[in-house]
Amino acid sequence: MYLFFHLNIFLIAVPKKKKAQTMTFVPRGSAIAKIVGANAARNDKFDNTVKMWVFEELVNGRKLTEIINSDHENVKYLPGHKLPTNVLAIPDLADASRDADILVFVIPHQFIGKACDTMKGKIKSDALGISLIKGVDEGPDGLKLISDVIQEKLGIAMSVLMGANIANEVADEKFCETTIGCKNKNHGLLLKELMQTDNFRVTVVEESDVVEICGALKNIVAVGAGFCDGLGFGDNTKAAVIRLGLMEMIAFARIFCTAGPVSSATFLESCGVADLITTCYGGRNRKVAEAFVKTGKSIEELEKEMLNGQKLQGPATAAEVHLILEHKNLIDKFPLFNAVYKICFQGHPVAEFIKCLQNHPEHM
């Protein structure tokens with residue numbers, strides 16, 4: 001079965017002869033729904049029907065689920081892109097996820113706890129999950145990955161998918177790559193079969209924790225890139241932000257990934273440097289951060305004005321990372337991450353962002 005989720009996507013895939021359920025609510029969720037729906041329709045391993053959970057709301061006086069099911073388009077979050085006719089929108093999360101064999105989660109990480117609580121006890125105990133959620137959680141013992149949160153709450157095996165996958169380009173079927181992090185080879189190959197198309201190419205790696213950390217931390221770096229754009233710095237400065245941000249991402253992963261040695265090769269996959277570059281040039285974290293500098297408005301105001309109901313992940317992740325680093329007394333080793341946090345949440349002048357680059361430990 002397939003299941004998609006509110007504000008990004010939460011997808012469930014199911015082998016043949018079982019029902020597929022899917023959930024969607026934002027561009028990225030609908031873009032993945034388009035891929036999964038098409039693949040399910042032509043692959044005998046999966047049931048043809050893809051059920052998609054949609055948080056119900058009215059759009060021009062009509063229920064969004066009714067629009068999707070009759071017009072086959074998520075007119076609010078991915079207008080102009082037709083969904084496959086086998087994608088069925090359902091407004092109840094428990095109904096959409098019931099009897100699913102594969103669950104694909106893509107929602108803002110702030111909401112994953114509530115979603116899992118709704119699903120707990122109502123899904124298969126041997127279901128396979130894959131998370132597209134880009135963020136981390138700050139637990140009592142420090143870092144907690146979103147996939148770990150899901151696994152602990154639902155008791156299911158988890159994998160992750162991260163990469164340079166801007167939703168509108170994916171929906172337009174422009175060529176891109178992505179990375180699945182999966183410790184179980186058979187699970188990884190099944191998920192690749194579910195996701196891959198001619199223009200959405202999938203690489204599977206074992207370091208799922210590194211893949212997930214890349215997906216979370218690159219949003220913090222993208223906020224810094226947006227600050228540079230808003231301040232009028234050029235491409236040389238943005239290149240420095242990307243490089244120094246990547247160095248902090250690698251250092252963070254080497255400190256907090258406990259599954260084994262961290263290979264720098266994973267950072268060369270789509271989940272690493274490719275996603276970082278794309279987000280620092282084209283992502284919504286960069287765009288909102290630039291507007292933050294130019295308008296003087298708060299992040300919350302700009303979210304409402306610019307994101308059409310979506311949530312910005314970079315500042316929220318910066319706040320959680322700050323708590324994690326503070327707990328370990330490591331803040332000074334991550335000046336770029338720390339500068340983004342201070343500017344977003346402590347009122348530090350954005351013009352001081354350049355100082356974190358000028359005085360970065362990498363140059364000492």
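Where is the place of F111? I looked there first. F111 sits in the loop between β7 (102-106) and α4 (112-119). I note that this is a predicted model.

**Entry: F111 and the record**

F111 counts as partly exposed because its relative accessibility is 33%, and buried would need a value under 20%. I then turned to the UniProt record, an unreviewed entry. Under "binding site" the entry lists F55, F111, A167, R284, K311 and Q313. Of these residues, A167, R284 and Q313 are included in the lining of the largest pocket.

**Entry: Q313**

I picked Q313 from that list next. I found Q313 in helix α13, which covers residues 313-327. Is Q313 buried or exposed? Q313 is buried, because its relative accessible area is 6%. I looked up what Q313 touches, leaving out residues up to four places away in sequence. Its contacts are P108, H109, Q110, K134, N219 and N285.

**Entry: T279**

N219 came up again when I moved to T279. T279 lies in helix α10, residues 270-282. T279 counts as buried because its relative accessibility is 5%. Beyond its neighbours within four places in sequence, T279 is in contact with K218, N219, A222 and R286. With K218 I found a polar contact: the two side chains are joined at 3.0 Å.

**Entry: strand β3**

I went on to strand β3, residues 50-53. I then looked for a partner of β3. β3 pairs with strand β6 (residues 87-90) in the parallel sense, over four bridges. V50 stands opposite V87 in β6.

**Entry: helix α2**

My last stop was helix α2, residues 64-71. Its buried residues include L64, T65, I67 and I68. Why do the buried residues of α2 line one face of the helix? Seen down the axis of α2, they fall within an arc of 165°, so they line one face. I recalled that an α-helix has 3.6 residues a turn, so residues three or four places apart point the same way. I also checked what this buried set meets. The buried residues of α2 pack against β3, β4 (58-59), β5 (62-63) and β6. That brought me back to β3 and β6, the parallel pair. After α2 comes H72, whose phi is positive, near 55°.

Technical notes
Residues are numbered from 1 along each chain as its sequence is written. This is a predicted model: local features need pLDDT of at least 70, side-chain atom pairs count only at pLDDT 80 or more; totals for chains, interfaces and linings use all residues. Side-chain values use heavy atoms; hydrogens and water are left out. Helices (H or I, at least four residues) and strands (E, at least two) are DSSP runs, numbered from the N terminus. Buried means under 20% relative accessible area, exposed over 50%, partly exposed in between (1.4 Å probe, protein chains only). A polar contact is a pair of N or O atoms within 3.5 Å; within protein, one must be able to donate a hydrogen and the other to accept it, and residues adjacent in sequence count only if both atoms are side-chain atoms. Contact means heavy atoms within 4.5 Å. Two strands pair if DSSP finds at least two bridges between them. UniProt positions are given in the numbering used here, feature names are shortened, and annotations may be inferred rather than shown by experiment. On a 1 Å grid over the protein atoms alone, a cavity is a set of points where a 1.4 Å probe fits but cannot get out, and a pocket is an open set with protein on both sides within 12 Å along at least five of seven lines; lining residues have an atom within 4 Å of a point. The arc is that of the directions from the helix axis to the C-beta atoms.
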